[in-house]
Amino acid sequence: MYKAPRGTADILPQEQGYWKYIEEKATALCHLYGYQLLTTPIFEDSQLFARTIAGGTDLVDKEMYIFEDRSGQELALRAEGTAPVCRAYIEHGLFNLPQPVKLYYIGPAFRYERPQAGRYRQHQQFGFEAIGAADPALDAEVIEMTQQFLFSLGLSGFSIQLNSIGCNLCQPKYIEALKRHYSNYIARLCPDCKVRLLRNPLRLLDCKKGPCQQVADTAPKITDYLCPECQAHFQSVQRYLKTLDIPFQLNYRLVRGLDYYTRTVFEVEPQKERAQSALGGGGRYDNLIERLGGKPTPAVGFATGIERLILNLKREKVNVPSLPKPVAFIAYLGDEAKIEAVRLASKLRQAGIAVIKATDDKSLKGQMRQANSLGVNYAIIMGEREVKTQSVVLRDMISNAQKTVPLTEIVGVLKQEQKST
Ligand code: HAM
């Protein structure tokens, strides 16, 4: 027996309503804020991710799906959406357009993680990126957009965590201070943090293990090390957020799992959840485009995982609209009626009325059972008598009331019924 690979999931029809709901809200939001859809390939040159997300992060060191194609080129399944968007921005000369260029995407991302609730090896990311502006008001707008998106879905149980991790000038000084602090406690650190101390000290602040958290509690704060420009930017972002009445919590330990961020970083935490399951995250990445060979170009963005949004919609008991279902089920008895049923199904569909026609010459009882389980509003029943009189029996599946309708009138009657329901 084959099963879906570990950490992946089939999305069954009964779940699709959530997906459609979220994708429609995402598209409406992006339209409202002036973002345009960009679709990038599912695989890229593996170096695109290695250079931008950078070594020393779990994502690059342990989680990428890397493979060689038949020509020997090393490719990686898309691990996240920001680096591909930046690659496309450079490749297609989008820097020639008025800046910032605002782009959004919805598509799968692949990470070889240990699967658990809300953490999969394939997940669907919705993200948006504003490329080509350094204005702190844009950081605030991206955070506002995040908040408005979650509100538009009907979610309210979340908080926005905010931090600044500085720039190329001030961050190295902070990292030195952090290393000095942690060097005093090496024996207490978990094996992962011992490696982080050497390879990616900022990530030390993110460790969830008790003894490491105690060391983090007394660690120096990045905000005490920001250069005047980063400090001013951070203050400005906060001022704009206050102007917009967006509540946020300063979180000096928030560093994010990817290495391309500068200045503003933020995450959305569900209120009742374990720390590992951020609903979404983002921030500024002013050096990323340059790292990819473009001109220095400031940018800011956000991404969220659709599966985690669905978990939270269910947790917060948000009802989503159900998907449209067929209006009627066509049942038949006898060979002559079957031919009429085939003809009628085609005629109704051409008139834009969604129907399902019985197959395999089942008993009328079996056909009605099927109509019930499909949840249709009407059954159209055709037998020998209806063939002779060129009519159908139209049964209302909710009230069980039946009436005979001439074949020539059934399209009009169903259209009328459709309007009134
Ligand atoms: P990220 O925090 O790595 O950021 O991922 C964004 C969101 O994707 C997470 O907050 C989470 O909702 C979802 N996610 C990540 N990994 C998984 C997983 N294994 N299973 C389920 N959901 C997951 C980024 O990817 C950045 N590109 C965000 C960004 C955009 N920054 C600036 N612009």
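Biologist: Which residue in β8 is the bridge partner of Gln161?
Modeller: Gln249 in β8 is the bridge partner of Gln161. Please note that this is a predicted model, in which local features need pLDDT of at least 70 and side-chain atom pairs count only at pLDDT 80 or more, while totals for chains, interfaces and linings use all residues. Residues are numbered from 1 along each chain as its sequence is written, and side-chain values use heavy atoms, with hydrogens and water left out.

Biologist: Do β7 and β8 run parallel or antiparallel, and how many bridges join them?
Modeller: Strand β7 (residues 158–164) runs parallel to β8, and two bridges join them. Two strands pair if DSSP finds at least two bridges between them. Strands are DSSP runs of E with at least two residues, helices are runs of H or I with at least four, and the numbering starts from the N terminus.

Biologist: Which helices pack on that sheet, and what do they touch?
Modeller: α5 packs on the sheet and touches β5 (101–110), β6, β7, β9 (264–270), β10 and β11. The direction of α5 makes about 20° with that of β11. Helix α9 (residues 228–243) also packs there, touching β7, β8, β9 and β10, and its direction makes about 155° with that of β7. Touching means a contact, with heavy atoms within 4.5 Å. Axes are lines fitted to C-alpha atoms, for helices over the stretch in contact, and angles run from 0 to 180 degrees between N-to-C directions.

Biologist: What is the strand order in the open sheet of eight strands?
Modeller: The order is β1-β5-β6-β11-β10-β9-β7-β8, and the pairing is mixed. β1 (36–37) and β8 (249–250) are at the edges with a single partner strand each, so one side of each has no neighbour in the sheet.

Biologist: Is strand β11 buried or exposed?
Modeller: Seven of the seven residues of β11 (residues 299–305) are buried, so the strand is largely enclosed by the rest of the structure. Buried means under 20% relative accessible area, exposed over 50%, and partly exposed in between (1.4 Å probe, protein chains only). Ala299, Gly301, Ala303 and Gly305 cover one face of β11, and Val300, Phe302 and Thr304 the other.

Biologist: How many bridges does β11 form with β6 and with β10?
Modeller: β11 pairs with strand β6 (residues 122–131) over seven bridges, in the antiparallel sense. Phe126 stands opposite Thr304 there. With strand β10 (residues 280–284) the pairing is again antiparallel, over five bridges, and Gly281 has Ala303 as its bridge partner.

Biologist: Changing topic, how many salt bridges are there?
Modeller: The count comes to 19, where a salt bridge is a side-chain nitrogen of Lys or Arg within 4 Å of a carboxyl oxygen of Asp or Glu. One of them joins Asp139 and Arg284, at 2.8 Å from N to O. Asp139 lies in helix α5 (residues 136–153) and Arg284 in strand β10, so the pair ties together parts that are 145 residues apart in sequence.

Biologist: Are Asp139 and Arg284 buried or exposed?
Modeller: Both Asp139 and Arg284 are buried. Arg284 also forms a salt bridge with Asp286 at 2.8 Å, N to O, and Asp286 is buried as well.

Biologist: What distance separates the closest N and O atoms of Glu417 and Lys403?
Modeller: They are 3.4 Å apart, in a salt bridge. Glu417 belongs to helix α15 (residues 410–420) and Lys403 to strand β16 (residues 402–406), 14 residues apart. Lys403 counts as partly exposed because its relative accessibility is 40%.

Biologist: Which residues are linked with Arg87 in a network of salt bridges?
Modeller: Glu44 and Glu91 are linked with Arg87 in that network.

Biologist: At what angle do the axes of α2 and α4 cross?
Modeller: They cross at roughly 110° and come within 9 Å, with α4 spanning residues 82–91. That makes α2 roughly perpendicular to α4, because angles of 65 to 115 degrees fall in that class, while those under 35 count as roughly parallel, those over 145 as roughly antiparallel and the rest as oblique. Leu48, Phe49 and Thr52 of α2 make the contact with Ala83, Pro84 and Arg87 of α4.

Biologist: And the order of strands in the open sheet of three?
Modeller: The order is β2-β4-β3, with antiparallel pairing.
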